Amino acid sequence: MPVFEVFQQAREGKAFEHGGNVVAPDADMAILYAREFYGRRQEARRIWVVPRECIVEINDPDLLHPPAVDRSYRTVGGYSVRDTLRATRGAVAGSAQPD
Amino acid sequence: MVATVDTIVEDPARVEEFVKHVQSGGKVESGDWMPEEYRKQVLRFVEMHANSELMGVLPEREWINKAPTLKRKLALTAKVQDEVGHAELLYRVAEDLGKTREAMLQDLLDGKTKFHNVFHYPTYSWADVAIIAWLVDAAAIQSQKALLDSSYAPYARTMQKICWEESFHIKHGYDMVVTMMNGTQQQKDMIQEALNRWWVPLVHFHGPPTLAEKDRDLYYRIKAKPNFVLRQEFFSKYIPKILELGLTIPDPELRFDTEANEWRYSDPDWNELKLVVTGHGPKTEDRLNLRRMAYADTQWVRDVVLGRAA
């Protein structure tokens, strides 16, 4: 029997998160199960039910977990301005003329 | 006959309920019912944002081949890639509101829709790249952070990813500016000159001080803060950082009024802003021509992907 993945939106405006899945012979039954499992305590504002075979996973370690590629140049952590900033501040303070 | 906005009859009670919902912090998803004016207003706002991301890379791409080091080149390339990616995310949000990507790109190329004022100006040196990455992106993130609370939820969620990526741009821009301000006198002068060029466009950036009650984007909470508040927030956060580097801000009127608890500054020429964003900026035509050329050059890709006969 086909598997249907269930996504829930917990609060208004939030992203949908994967909640779990149900097994059902067709979409109508999947919706019925999802209603009962994921909707009955109002734990979700909205629910999406998606046939599992419609989900495509990108499984590419070279992209997602590159072992030896330094991509820090595209992150905030790749730049440490502390020392240069201190030197610049020091130079600015040193050059200030007393009144 | 094609239905136009004027012919769509909306139940006033339903519109009133919708307005109450968004004004009290409620969210709207793309499949929800919404008044036609709201849909058009969000579409116009997001489309302009998308156009700005797409046009914003043009002044920066000119500098990829002139970057001073390999690391700077990698970082600038990554930033350009990010910005084009933002355009893609935003055009998707806009498309869901009922205008096709082809129509949006065509309107941009025809000068029928706008993009942000700062992308209509020329760049003269690497210092412009540094000031753009630091201060233009900082001004932008001030607006974008306020959009995290937009009533249009798909836009707000997209903004989470965008703000996260923009924070790298700002950090890298700051790194470039601080490095040059710690360098030779010539480097310091270059940064000061770039700041002088960019200051007025930066003051213009958040838009004229439109009365909050006349601002439909605020009315529907498409954006959560008025223009003048965003500008004050930007000033409070960045003016001290600019000054501590030994830079001078080219506005003799600029000061913090401790009594009013706000920045005072020379009122910029708002007519210049209006002219620039309506297609009369110093680089408007060049940038649009470059975009037109790129669009024509890549026509074959769209034909192949969309399965059209070449």
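Colleague: At what angle do α6(B) and helix α7 of chain B pack?

Modeller: The angle between α6(B) and α7 (residues 185-204) is about 135°, and their axes are 7 Å apart. That makes α6(B) oblique to α7(B), because angles under 35 degrees count as roughly parallel, over 145 as roughly antiparallel, 65 to 115 as roughly perpendicular and the rest as oblique. The axes are lines fitted to C-alpha atoms, for helices over the stretch in contact, and the angles run from 0 to 180 degrees between N-to-C directions.

Colleague: Before I go on, some background on the model and its numbering, please.

Modeller: This is a predicted model, in which local features need pLDDT of at least 70 and side-chain atom pairs count only at pLDDT 80 or more, while totals for chains, interfaces and linings use all residues. Residues are numbered from 1 along each chain as its sequence is written, and chains are lettered from A and ligands numbered from 1 in the order in which they are written.

Colleague: Which residues of α6(B) and α7(B) meet?

Modeller: From α6(B) there are B:Val177, B:Met180 and B:Met181; from α7(B), B:Gln187, B:Lys188, B:Met190 and B:Ile191. Two residues are in contact if their C-beta atoms, placed from the backbone, lie within 7 Å. By class, this contact has five nonpolar residues, one polar and one charged. Here Ala, Val, Leu, Ile, Met, Phe, Trp, Tyr, Cys and Pro count as nonpolar, Asp, Glu, Lys and Arg as charged, and the others, Gly among them, as polar.

Colleague: Now the interface. How many residues of chain B are in contact with chain A?

Modeller: In chain B, 22 residues are in contact with 15 residues of chain A. The elements giving two or more residues to that side of chain B are α3 (70-95) and α6 (153-181).

Colleague: Which element gives the most to the side of chain B that touches chain A?

Modeller: That is α6(B), with twelve residues. The side of chain B that touches chain A comprises ten nonpolar, six polar and six charged residues.

Colleague: And how many helices and strands does chain B have?

Modeller: Chain B has twelve helices and two strands. Helices (H or I, at least four residues) and strands (E, at least two) are DSSP runs, numbered from the N terminus. The radius of gyration of chain B is 21 Å, close to the 19 Å that the globule rule gives for 310 residues, so chain B is as compact as a globular protein of that length. That radius is taken over C-alpha atoms, and the rule is 2.2 Å times the number of residues to the power 0.38.

Colleague: What about chain A: which helices and strands are there?

Modeller: Chain A has three helices and three strands, in the order β-β-α-β-α-α from the N terminus on. Its radius of gyration is 26 Å, well over the 13 Å of the globule rule for 99 residues, so chain A is more spread out than a compact globule. The C-alpha atoms of chain A fill a box of roughly 80 × 40 × 15 Å along the principal axes; for chain B, the box is roughly 65 × 60 × 35 Å.

Colleague: How much of each chain is buried?

Modeller: In chain A, 9% of the 99 residues are buried; in chain B, 37% of the 310 residues are. A residue is buried if 20 or more other C-beta atoms lie within 10 Å of its own, exposed if 12 or fewer, and partly exposed in between, with C-beta atoms placed from the backbone.

Colleague: Which residues of helix α10 of chain B are buried?

Modeller: In α10 (residues 270-280), B:Leu273, B:Val276 and B:Val277 are buried. They cover an arc of only 85° around the axis, which puts them on the same side of α10(B); the arc is that of the directions from the helix axis to the C-beta atoms. The buried residues of α10(B) pack against α7 of chain B. The face turned away from them carries the exposed residues B:Asn271, B:Thr278 and B:His280.

Colleague: Is B:Arg221 buried or exposed?

Modeller: B:Arg221 is buried, with 21 other C-beta atoms within 10 Å. It has a positive phi of about 55° although it is not a glycine, and it lies in the loop between α8 (216-219) and α9 (227-244) of chain B.

Colleague: Where does B:Asn261 lie?

Modeller: B:Asn261 is in the loop between β1 (255-257) and β2 (262-264) of chain B. Its phi is also positive, about 55°, although it is not a glycine. B:Asn261 counts as exposed, with 9 C-beta neighbours inside 10 Å.
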